[in-house]
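Notebook open, structure loaded. I'm jotting down what I look up as I go.

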Amino acid sequence: METPELPLEIITYILSFLKASDRKEASLVCRSWYDASQDLQFQRNLTFKFPASISSLDLIRGLSRRSSCSLVISHLDGSSMSRAMLQEIGLHLGPRLESLALPGSSVTESSLLALLPHLTALRRLDLRGLDSLFMSGAFLSREEHRQQVRVALADLKELDLSDLRYLSDLTFNRLTGCTPRLRRISLAGCHIAFEFDPYRGCPVGPDSSALLSLRNLRRLLQEQASTVRGLDLSRTSITPESLRSVAQVEGLSLEELRLRGCKELTDYSVEVLCKHQPGLQILDLSACTELTSRAVLAVALGLKSLRLLSLSRDWRVKDKGLADLMVLPELRTLDLSECLHVSGAEIVKGLSAPEPRARLETLSLKSCTYIRDLAVFSLAQLLGSSLRELDLTSCIYLTDLSVGAIATYLPGLVVLRLGWCKEITDWGLLGMVEPTKECEPSKEMEYKGPSFTRTFGNMGFFRPPSMPFQEKPRLVTDEDLGVFREQEGASLLALRSLQDLDLSACSKLTDSSITQVLRYPDLQRLSLAMLPEISDDSLASVAYHCRSLTSLELSHCPHISDQGIARAAPYLARLQHLYLSCCNTVTDRSLSMLVQHCKRLRTLDISMCKHISLTTVELLQSQLPFIENVHCRFVGGADLTLTL
């Protein structure tokens with residue numbers, strides 16, 4: 001007896017419980033399931049990304065059945081095929097297109113001017129790096145063109161003009177004159193003259209035909225102060241005085257400001273910014289290398305609505321002021337990566353204070369080498385109910401105690417990065433205590449500075465002591481694994497929601513823990529690169545238990561071979577990115593298995609795999625329909641010394 005067909009509404013309801021990746025798989029079952037997956041509730045904020053090609057024309061026509069969509073189209077140029085694509089977009093998607101980005105393209109002025117009047121529903125336009133549009137200075141120079149574009153882009157909210165070498169006051173004014181209701185504008189990496197015209201030695205603007213000036217930018221902000229809420233001036237040479245003049249624009253109330261890599265900014269300029277823009281919710285001050293803890297304190301005292309703060313690579317920032325940051329009740333994301341003097345003690349102090357306090361969801365302490373087990377243990381306890389992303393990459397003194405604290409107190413983690421934490425062993429992942437090891441973090445474990453031993457054979461010279469990660473732990477035995485299966489310890493298995501895990505260069509890990517712990521049905525990205533002890537057994541186990549993987553890194557794993565690829569490939573149908581560089585036992589046979597089972601592969605890195613031939617690589621490229629990047633440098637045993 002045939003199974004009765006379910007109503008479309010019931011199938012749609014069932015699919016609503018699935019994640020996007022699982023729903024995509026379910027849509028391939030049959031026509032009715034595909035139709036259910038196209039329900040409007042699943043189609044919000046969808047972006048279609050594809051390169052310019054003849055085959056993309058049919059895709060564009062097919063998208064016309066949707067009520068709305070967003071496009072990212074790369075590698076457009078002045079060819080007839082590119083012009084045909086832009087014409088098809090205007091014809092079939094004009095009133096439906098909400099966002100358009102053209103990365104890596106060099107479209108002509110005439111092609112874009114023919115398209116823009118049709119995009120009446122456009123809310124976001126990304127023109128970053130399109131120097132071909134602005135090189136001549138004639139873009140939108142004709143009044144009839146400006147009038148047509150002004151009608152179409154009247155409701156544009158976001159405009160990205162990053163990395164435009166030839167943007168000038170004239171072209172900037174023409175374009176922004178057609179977009180009267182902007183909420184966010186990006187000028188990251190643009191050549192903005194903040195003080196003087198280097199060619200004339202006098203103040204610039206506001207109508208320069210060669211440069212984009214601060215005066216002109218301020219004029220735009222004054223005209224659209226009631227609507228502009230976001231500004232990106234990253235990687236520009238903005239000065240403290242220039243930042244103050246922007247912050248003091250009358251009526252301007254910014255919610256987002258990105259100043260990444262603005263190396264001339266000082267603590268005083270941040271204090272002025274916080275005074276005049278107290279409503280900021282997103283502030284990126286990463287790589288502003290002159291800032292100190294004084295700027296952190298100004299942010300903590302002045303920006304009570306702050307939700308995201310990035311201080312990455314602000315090397316002069318220390319612990320001072322971080323406790324005050326933790327009192328901001330709305331703070332959800334904090335990036336302190338590569339702040340080399342941060343130990344975490346002040347963060348713990350701030351989070352230990354009475355309510356209100358920050359409920360961090362994302363915390364990055366990457367390369368904060370002063371971080372110790374005691375800080376991680378305390379942070380895990382204090383942030384257990386809220387933290388979803390934790391990056392501890394290159395915190396080289398962390399041990400198994402930190403892993404145990406994470407597994408015990410952070411069961412809701414979605415992203416965990418422990419790359420280059422070389423003291424982590426199988427015992428930590430298994431949630432077991434290695435014999436002779438202490439099981440609680442103590443204050444004696446805190447860092448007390450470097451110590452040296454005198455070499456009496458060479459008086460006056462000093463030799464550093466051996467690093468802890470150079471000592472090999474006792475290997476896990478079958479008897480130990482039996483105990484692990486019987487107990488309910490704090491193993492990494494407790495992190496059931498993990499989608500992104502990085503264990504690269506944790507060189508003490510072996511098959512004993514990888515095969516027992518990495519069993520996450522929702523895991524999408526996994527890095528096991530530079531683990532010299534893992535073998536095909538780990539690869540086969542990971543593939544079997546983590547079938548949602550889309551990205552897998554196994555570079556510099558010398559024991560991964562064709563046998564492991566053959567065992568794993570049948571379970572990696574969703575895999576899109578695979579990295580196997582320097583896996584010297586991988587041969588052409590592995591590529592054949594990938595062609596057979598991993599049809600969605602987009603990126604493959606097999607650099608320096610000496611047993612793979614270029615002929616097989618070319619065959620793989622011809623047989624995988626979605627492959628975009630194949631890194632195959634020095635394959636086939638090429639002599640590196642001769643090449644270099």
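How do the residues of the lining of the largest pocket divide into nonpolar, polar and charged? I get 14 nonpolar, 20 polar and eleven charged. My classes: Ala, Val, Leu, Ile, Met, Phe, Trp, Tyr, Cys and Pro are nonpolar, Asp, Glu, Lys and Arg are charged, and the others, Gly among them, are polar.

Ground rules before going on. I'm working from a predicted model, where local features need pLDDT of at least 70, side-chain atom pairs count only at pLDDT 80 or more, and totals for chains, interfaces and linings use all residues. Residues are numbered from 1 along each chain as its sequence is written, and side-chain values use heavy atoms, with hydrogens and water left out.

**Pocket**

I looked up the volume of the largest pocket: about 2000 Å³. A pocket here is an open set of points on a 1 Å grid over the protein atoms alone, where a 1.4 Å probe fits, with protein on both sides within 12 Å along at least five of seven lines; lining residues have an atom within 4 Å of a point. The volume is the space filled by probe spheres set on the points, which are joined across faces, edges and corners.

I count 45 lining residues, with Lys24, Thr47, Phe48, Lys49 and Arg602 nearest the centre. Helices H2 (20–26), H3 (31–37) and H4 (56–62) each supply at least two of the lining residues, and so do strands E1 (47–51) and E2 (69–74). Helices (H or I, at least four residues) and strands (E, at least two) are DSSP runs, numbered from the N terminus.

Most residues other than glycine have a negative phi. I noted Glu338 with a positive phi of about 65 degrees, in the loop between strand E13 (333–335) and helix H15 (345–351). Phe634 also has a positive phi, near 60 degrees, and sits in the loop between strand E24 (629–631) and helix H25 (640–643).

Buried means under 20%, exposed over 50%, partly exposed in between (1.4 Å probe, protein chains only).

**Whole chain**

I find 25 helices and 24 strands, and 50% of the 644 residues count as buried.

Confidence last: pLDDT (the predictor's confidence in each residue, from 0 to 100) averages 88, and 88% of the residues score at least 70. Over residues 640–644 it is below 50, and I see three contacts (heavy atoms within 4.5 Å) beyond near neighbours in sequence.
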